Amino acid sequence: MGIYSVEELETYCVGILTKNGMEKENIDILVKLLLQANLEGVDSHGISRFPVYIKRFNDHRISLNPEVQFEQRSSSILLVDGDNGIGHLVGHLAVQKGITMAKENGVAVVSIRNSNHFGAASNFCKTACEENMACIAFTNSPPGIAPWGGTEAYFGTNPIAFGFPTKDRPPVIIDLSTSTVARGKIILAEKQGKSIPEGWAIDEYGMPTTNASEALQGSVLPLGGAKGAALAMAVEILSGVLTGAAFGPAVKSIYEENEKGTANVGHFFILMDIEKFMDIHVFLQSMQSLLEGVKSTRKASGVEEIRIPGERRHRESEKRKTEGIFLPPEVENELRRLAEEYEVRFPDCHLHRS
């Protein structure tokens, strides 16, 4: 197991995607967003998923170079058909068009169907913040959460993310799944042969479990009990029903080898041009005051610092840009096998961890 530079991991990913026939502009988007998750410490949504993406490109369950279709229904409503493309690419293209619409009309609501897993929702919020936009992002996913009182997973872990620009600080990024923990962390734990903490999941019989494999056969527990299950339903309606995408068990998992058909994941974005609401400088100054107020509140015993949502990710990203990205041995081995299959150089390890 070891630590690798982001630049060398980029070269590795680009090499494999190029040999698969993905177009350069699509490669640039996917690789940037994929590794951004690792840089920010969200390793469950980063390069550990790269091998399964390649597998699904090869068996045509995900389109390598989708022809994404846009239909502008009104000045502020955009419908997007992702043509079964990888969600990172589909989401990025849709948000870029949504930003243009929001600059013209103040608000853009972007509804996306026929997509796939789009990685970390925070990526799209950060893109909006760079344009002085506020953003809310939703996506559904394969079943992971049981309805409250049930034992069978029906809703996805269905994350919600918010992004707000700031004056002199990193943007405020709030990115959370409606489950106690992102299902990707359980997938990663299973891959590493590790147990999971108590309180994360139940097995298929509704019993608490610390076994990652049993958890994936059962249900992740919702965040905040019944309230989290209700939020998961709301996201399912916005991302699945309203978009015309799949919902509930109809959302296919790319990890299931015997699945037939496309995943048909749905995404839903709301983009708001702050300058259409108020003077941007007034907003940024107010944000500065709010964040300073949060930082200066009285701390609980043992707490050294009150952190703003997104602050830890930003610090981790700056650190990993210099120190590199840690890959556990299970992920290393999968990536090495891909390198051998496609005759692409796997990067040298910069530092080993015992």
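Contact is defined here as heavy atoms within 4.5 Å. The structure is a predicted model, in which local features need pLDDT of at least 70, side-chain atom pairs count only at pLDDT 80 or more, and totals for chains, interfaces and linings use all residues. Residues are numbered from 1 along each chain as its sequence is written, and side-chain values use heavy atoms, with hydrogens and water left out.

Helices (H or I, at least four residues) and strands (E, at least two) are DSSP runs numbered from the N terminus. Helix 8 comprises 16 residues, 226-241. Buried residues (under 20% relative accessible area, against over 50% for exposed and in between for partly exposed; 1.4 Å probe, protein chains only) in helix 8 are Gly228, Ala229, Ala232, Val235, Glu236, Ser239 and Gly240. Viewed down the helix axis, these buried residues fall within an arc of 120 degrees, so they line one face of helix 8; the arc is that of the directions from the helix axis to the C-beta atoms. The cover over the buried residues of helix 8 includes strand 4, strand 5 (133-139), strand 6 (160-164) and strand 11 (265-273).

Strand 4 (residues 107-115) contains Asn114, a residue other than glycine with a positive phi near 60 degrees. Asn114 is buried, at 18% relative accessibility. Most residues other than glycine have a negative phi. His60, also not a glycine, has a positive phi of about 65 degrees. His60 lies in the loop between helix 3 (50-58) and strand 2 (69-72) and is exposed, with a relative accessible area of 66%.

Methods. Expected span 1.5 Å × (residues − 1).
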